[in-house]
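Me: Please take a close look at the ligand site in this model. I'd like to see what surrounds it, in one connected account.

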Amino acid sequence: MIKAVVKGVAHAVPNKILTNADLEKLVDTSDEWIMQRTGMRERRICEPHETTATLATEAAKKVLAKTETSPTEIDLIVVGSVTGDYMFPSVSCIVQNAIGAKKAGAMDVGAACAGFIYSVATAAAFIESGSLKKVLVIGADALTKYVDWTDRSTCILFGDGAGAMLLEAAPGSDHGVIKTVMLADGAGAPLIDVEVGGNRYPVGSPQAEGRRTKIFMAGSEVYRFAVKSIGDACCRVLDLAGISSDDVDLFVPHQANLRIIESAAERLHLPSEKVFVNVEKFGNTSAASIPIALSDAESTGKLTKGMTVLTVGFGAGLVWGANLIRW
Ligand code: ACO
């Protein structure tokens, strides 16, 4: 059987830091409230010239350099993102050109904060089927460009960034993507959205008048959904693989809220030393959060070759899913 093995992972974030103290100057909030309710201390924010595609390109270049891979070896670029530079073309096409991946196909996957989970699952399926050998998988978002900086319930949550992973075909390997799970419930669509910008309420159209141009989120409903969906997706992917949470060496969940992560870890009976958290540094970077966390975990020595890693994501859609990977 052909496995999709991780050759490397890297990430890129903007230099500009937005701290809780900065947010105290914008809205009626406090460092104490933000830390207690979310675990976030600071996040990285794009300058106007920085975009989802520039961050994705930087992360892609880093992973190619790290794995000593030529861009012309890449067969496909899959970018999980809901904040493309344009309605079209896709972020993946911009990255394809910027890195010189002349032989690669390119496509975006729109699954919000589960975008990286869905993108890895897509890439792994192409590799396991034998049709592709090297796929560059990227999670990238710049949600702060859609933040309402007067809404204290959402503006504290989001940061920008990108993470890139190179997956490669390895026949007979016992490393790589083990199992994936992708789930959705479109009935929950109104819980997190940006109304204007698509073709239901086109920018500047009469239909868009009075509609929201910034992120709306029903926080406590999404919180309840997140706690349940993370646990469900993890249990399902572990069942499919025929292993238990005791066999997981590192849990790398979407970094949306420390309390959500802790309750998922509790349900899975995972001790804190097996749970990777960096939400305090980057906030919720949407599709970028899992690859940024994997890259951060690896560079700090917490993620090493041979480990069984459980990743899980959830977000607007509603969508959720999990990937089990042997590093
Ligand atoms: N500072 C101070 N007070 C605040 C702030 C703030 N920044 N934000 C809200 N409050 C207040 C509220 O107004 C409310 O006050 P009230 O009781 O007087 O009405 C009180 O704090 C409690 O509000 P809740 O919304 O119940 O707070 P909660 O504990 O649920 O935390 C949070 C809010 C952090 C947003 C939480 O609900 C959450 O994390 N939700 C999930 C978010 C998420 O994971 N999203 C992922 C998907 S995003 C995507 O896919 C794009």
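**The ligand and its shell**

Reply: Happy to! Asp28 is exposed, at 62% relative accessibility (over 50%; under 20% is buried, in between partly exposed; 1.4 Å probe, protein chains only). Please bear in mind that this is a predicted model, in which local features need pLDDT of at least 70 and side-chain atom pairs pLDDT 80 or more, while totals for chains, interfaces and linings use all residues. Residues are numbered from 1 along each chain as its sequence is written, and side-chain values use heavy atoms, without hydrogens and water.

Asp28 forms a salt bridge with Arg152, at 3.7 Å from N to O (Lys or Arg side-chain nitrogen within 4 Å of an Asp or Glu carboxyl oxygen). Because Asp28 sits in the loop between α1 (20-26) and α2 while Arg152 belongs to helix α6, the pair ties together parts 124 residues apart in sequence.

Arg152 also brings us to the ligand, being among the closest of the 27 residues around it, together with Thr29, Arg37, Asn257 and Ala316 (a heavy atom within 4 Å). This shell has 15 nonpolar, eight polar and four charged residues. Domain 1 (2-173) and domain 2 (177-326) each contribute at least three.

Now for the polar atoms. A polar side-chain atom of Asn257 lies 2.7 Å from a ligand oxygen, and the side chain of Arg259 places an N or O atom 3.0 Å from a ligand oxygen. Trp33 has a polar side-chain atom 3.5 Å from a ligand nitrogen. Overall, the protein covers 74% of the 1000 Å² of accessible area that the ligand has on its own (Shrake-Rupley method, 1.4 Å probe).

Methods
A polar contact is a pair of N or O atoms within 3.5 Å; within protein, one must be able to donate a hydrogen and the other to accept it, and residues adjacent in sequence count only if both atoms are side-chain atoms. Ala, Val, Leu, Ile, Met, Phe, Trp, Tyr, Cys and Pro count as nonpolar, Asp, Glu, Lys and Arg as charged, and the others, Gly among them, as polar. Domain bounds come from an automatic or database domain assignment. Helices (H or I, at least four residues) and strands (E, at least two) are DSSP runs, numbered from the N terminus.
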